[in-house]
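Thank you for asking me to look over this entry.

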Amino acid sequence: MQLKQGKDNTTYIVEAMDLELPLERRLEALGLTPGTRITILNNQKRGSMTVKFRGTRFAVGKRIADHITVKEADSHE
């Protein structure tokens with residue numbers, strides 16, 4: 001599923017990112033790589049969504065979130 005389809009207060013694991021190379025490299029530099037656990041803090045219908053990964057909160061635009069593939073993390077991971 002795409003990150004933008006995720007629910008608030010739910011943790012996912014990044015499976016893949018399909019973004020322009022400079023943007024993908026920037027997100028990787030921030031620590032968002034395949035295998036990273038990412039929690040959606042606020043996913044409102046419009047505007048950007050607020051996520052948390054590696055202990056830091058970020059605002060991510062829906063266009064970007066549409067190109068990040070995630071799977072729901074198991075509760076025992």
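1. In what order do the elements of the protein run from the N terminus on? In this predicted model, the order is β-α-β-β-β-α-β, which comprises two helices and five strands. The radius of gyration is 11 Å, close to the 11 Å that the globule rule gives for 77 residues, so the protein is as compact as a globular protein of that length.

2. Taken along the principal axes, the box filled by the C-alpha atoms is roughly 35 × 30 × 25 Å. Of the contacts between residues at least 6 apart in sequence, 57% join residues at least 24 apart.

3. Buried residues account for 35% of the 77 residues. The largest nonpolar core has 18 residues, and among these Leu3, Leu32, Ile38, Val51 and Ile68 touch the most other members. Two or more residues of this core come from each of strand E1 (10-17), strand E2 (37-42), strand E3 (49-53), strand E4 (56-60), helix H2 (62-65) and strand E5 (68-72). In soluble globular proteins, nonpolar side chains tend to be buried together.

4. Ile38 deserves a separate look. Once its neighbours within four places in sequence are left aside, the residues in contact with Ile38 include Leu3, Leu32 and Val51, and Thr10, Thr11, Tyr12, Val14, Lys52, Phe53 and Val70 are also in contact with Ile38.

Note on methods:
Residues are numbered from 1 along each chain as its sequence is written. This is a predicted model: local features need pLDDT of at least 70, side-chain atom pairs count only at pLDDT 80 or more; totals for chains, interfaces and linings use all residues. Side-chain values use heavy atoms; hydrogens and water are left out. Helices (H or I, at least four residues) and strands (E, at least two) are DSSP runs, numbered from the N terminus. The radius of gyration is taken over C-alpha atoms; the globule rule is 2.2 Å times the number of residues to the power 0.38. Buried means under 20% relative accessible area, exposed over 50%, partly exposed in between (1.4 Å probe, protein chains only). Contact means heavy atoms within 4.5 Å. A nonpolar core is a set of buried Ala, Val, Leu, Ile, Met, Phe, Trp, Tyr and Cys residues joined through side-chain atoms within 4.5 Å.
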